[in-house]
Amino acid sequence: MSSGKVKAGQLWSKNKDELTKQLGELKTELGQLRIQKIVSSGTKLTKIHDLRKSIARVLTIINAKQRAQLRLFYKNKKYLPLDLRVKQTRAIRRRLSPEDAARTLEKTKKRQTHFPQRKFAVKA
């Protein structure tokens, strides 16, 4: 497939071997175009641009597939690699877990039972 542009939708159906093979082809073609640009000083810039973007697409899909496989591998494990964890803000990561936040201390429980909120009746 040396037409230059590569559609991302078509790449998702391919397996890893086909993707790496296509990546190699695109890289060799890019190298040849760079040599042609130097020798002939013609305008090969648009084709080089398209090839570079195609290489980026292929690499993106390879990486996405790898990450998906890693997520499946680590799904029921106790620990997850840092780069596979959900991206959150620093404050959210530092926040107490819902269980810890709902927990009441022994001293607080005693205080609530021994000194409950006073109830007042309003006279009419």
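**Why these labels?**

Tutor: Ile 48 is found in helix H3. Keep in mind that this is a predicted model.

Student: Why is Ile 48 called buried?

Tutor: Its relative accessible area is 8%. Buried means under 20%. The value falls under that cut-off, so Ile 48 is buried.

Student: What is Ile 48 in contact with, leaving aside its neighbours within four places in sequence?

Tutor: Ile 48 is in contact with Leu 30, Leu 33, Arg 34 and Lys 37.

Student: How many salt bridges does a search of the whole structure find?

Tutor: Two.

Student: What makes Arg 67 and Asp 83 a salt bridge?

Tutor: Their side chains come to 3.8 Å, N to O. The definition asks for an Arg or Lys nitrogen within 4 Å of an Asp or Glu carboxyl oxygen, so this pair qualifies. The pair links distant parts of the chain, 16 residues apart. Arg 67 is in helix H3, and Asp 83 is in the loop between H3 and helix H4.

Student: Why is Arg 67 called partly exposed?

Tutor: Its relative accessibility is 32%.

Student: Is Arg 103 buried or exposed?

Tutor: Arg 103 is at 60%, over the 50% cut-off, so it counts as exposed. Asp 100, at 34%, counts as partly exposed.

Technical notes:
Residues are numbered from 1 along each chain as its sequence is written. This is a predicted model: local features need pLDDT of at least 70, side-chain atom pairs count only at pLDDT 80 or more; totals for chains, interfaces and linings use all residues. Side-chain values use heavy atoms; hydrogens and water are left out. Helices (H or I, at least four residues) and strands (E, at least two) are DSSP runs, numbered from the N terminus. Buried means under 20% relative accessible area, exposed over 50%, partly exposed in between (1.4 Å probe, protein chains only). Contact means heavy atoms within 4.5 Å.
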